[in-house]
Amino acid sequence: MIKTDIIIIGAGPVGLFTIFEAGLLKLKCHLIDSLPQAGGQCSEIYPKKPIYDIPGFPSILAGELVDNLMEQAAPFKPGFTLGEAAVSIDKTDDDKYIVTTDKGTQHEAPIVMIAGGLGVFEPRKPPIENLEKYEDNGVEYIIKDPEFYRGKRCVISGGGDSALDWAIFLADKDIATEVSLVHRRSSFRGHLDSVQKVMDLAESGKIKLITEAEVVGIEGTGKVESVIIKHKTEGEIKVATDYLIPLFGLKPSLGPIADWGLDIEKNAIKVDTTDYSTNRPGIYAIGDVNTYEGKLKLILCGFHEGTIAVQSAFARIHPDKKNVLKYTTVNGVHGF
Ligand SMILES: Cc1cc2nc3c(=O)[nH]c(=O)nc-3n(C[C@H](O)[C@H](O)[C@H](O)COP(=O)(O)OP(=O)(O)OC[C@H]3O[C@@H](n4cnc5c(N)ncnc54)[C@H](O)[C@@H]3O)c2cc1C
């Protein structure tokens, strides 16, 4: 059991900054995120895009902002449970919460801050009838380690940057023995140079390009052995393969948070704007995951919400202590 003062569900920018604000009040945080890295949307969706509305930074790359937030939080030694989704929240007899992940890791604290953003990112799945049967048995939605595919045959489906980039990587570096790229249109949505590179690799025979086609079926005993591809003009084609990798992007879903007895409105958690508390005492919701009149889904608004919420959390944890606001310029930053 991991014990801390504040469990933060979601290690996006808002969760990360909240570690710092909690730390100033001598409260320790442990963060849980279903993604394998911290940074939320900034790391997962747009790490290389410049953000122009972070106060004091005329321009900063989203990935750089995450690095800075991690550095700023470091003195307060946050704990992280990454690559695990928080699935349940239970109250203990002594008024604490236990948050359990899909891998069974348990965390206990008097305060829970939900900074879950748009929710858990789930892969968009193609409509193939027996798809689920082959998940982890040849069907993969995320390429975590390309070496996993060394010496294997891969069918990648999709027409965006992720599908193009991985097809190029696996073929050009001679990792997979065979790479087929299946896309339902004749043109691709990805970057022009990636499209050109795919065309070049197709020309040299390193990528088998199958456009105006869709994977419609999977065959194999226990694991993927071949896929059935429906081509616009040629009808059904069977391609022998070890892996089918549909790369159609990730879609956010509030997921398990929606079943925790919290007031939900328009796929977000309703909060009291005096301290961003939810209808369950000791549970707060900050950042993109919450809703209230006038809500703006912006990073700077999430920073404000986290700052206010930890003040309220302090009062709950230490009802007998009075917290006096101290400037960091005066008090400095004293880590744990
Ligand atoms: C392309 C793009 C450009 C943007 N540009 C700007 C901009 O210029 N300025 C600006 O202010 N904002 C911008 N935004 C919005 C900004 O990224 C969000 O407001 C911000 O990321 C919200 O931060 P967050 O920490 O609340 O949530 P998120 O960044 O969404 O992070 C939430 C985290 O919670 C995790 N999570 C959710 N549920 C669970 C669970 N049950 N268990 C474990 N983990 C969970 C998720 O995996 C995720 O990592 C942009 C967004 C996009 C997509």
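Guide: Let's start with α4 and α5, which are oblique to each other (under 35 degrees counts as roughly parallel, over 145 as roughly antiparallel, 65 to 115 as roughly perpendicular, and the rest as oblique). This is a predicted model, where local features need pLDDT of at least 70, side-chain atom pairs count only at pLDDT 80 or more, and totals for chains, interfaces and linings use all residues. Residues are numbered from 1 along each chain as its sequence is written, and side-chain values use heavy atoms, without hydrogens and water.

Visitor: How do I read that pair, and at what angle do the axes of α4 and α5 cross?

Guide: Two packed helices are described by the angle between their axes and the distance between the axes. Here α4 and α5 (residues 192-203) cross at roughly 40°, and their axes come within 10 Å. Axes are lines fitted to C-alpha atoms, for helices over the stretch in contact, with angles from 0 to 180 degrees between N-to-C directions. The α4 and α5 crossing is left-handed (the near helix is turned anticlockwise from the far one by less than a right angle; clockwise is right-handed).

Visitor: Which residues of α4 and α5 meet?

Guide: On the α4 side you'll find Asp161, Leu164, Asp165, Ile168, Ala171 and Asp172, and across from them in α5 are Ser194, Val195, Lys197, Val198 and Leu201. Contact means heavy atoms within 4.5 Å.

Visitor: How do α1 and α3 lie relative to each other?

Guide: The axes of α1 (residues 13-24) and α3 (residues 62-73) cross at roughly 25° and come within 8 Å, so the two helices are roughly parallel. Their crossing is left-handed. Pro13, Leu16, Phe17, Ile19 and Phe20 of α1 touch Val66, Leu69, Met70, Gln72 and Ala73 of α3. That contact has nine nonpolar residues, one polar and no charged.

Visitor: Is the crossing of α1 and α6 left-handed or right-handed?

Guide: For α1 and α6, it's right-handed. The axes of α1 and α6 (residues 299-317) are 9 Å apart, at an angle of about 35°. From α1 come Pro13, Val14, Phe17, Thr18, Glu21 and Ala22, and from α6 come Ile299, Gly302, Phe303, Gly306, Thr307 and Val310. Sorted by class, that's seven nonpolar, four polar and one charged.

Visitor: Which residues are closest to the centre of the largest pocket?

Guide: Leu35, Glu44, Tyr141, Ile142 and Leu250, out of 45 lining residues. Helix α4 gives the most to this lining, six residues. The lining splits into 22 nonpolar, seven polar and 16 charged.

Visitor: And which element gives the largest share of the lining of the second largest pocket?

Guide: That's α2, with three residues. This second pocket holds about 520 Å³, and Gln41, Ala115, Gly116, Gly117 and Leu118 are the closest to its centre among 37 lining residues. Its lining has 23 nonpolar, nine polar and five charged residues.

Note on methods: Helix = DSSP H or I, 4+ residues; strand = E, 2+ residues; numbered from the N terminus. Nonpolar A, V, L, I, M, F, W, Y, C, P; charged D, E, K, R; others polar. 1 Å grid on protein atoms, 1.4 Å probe; cavity = no way out; pocket = protein on both sides within 12 Å on 5 of 7 lines; lining within 4 Å. Points joined across faces, edges and corners; volume = space filled by probe spheres on them.
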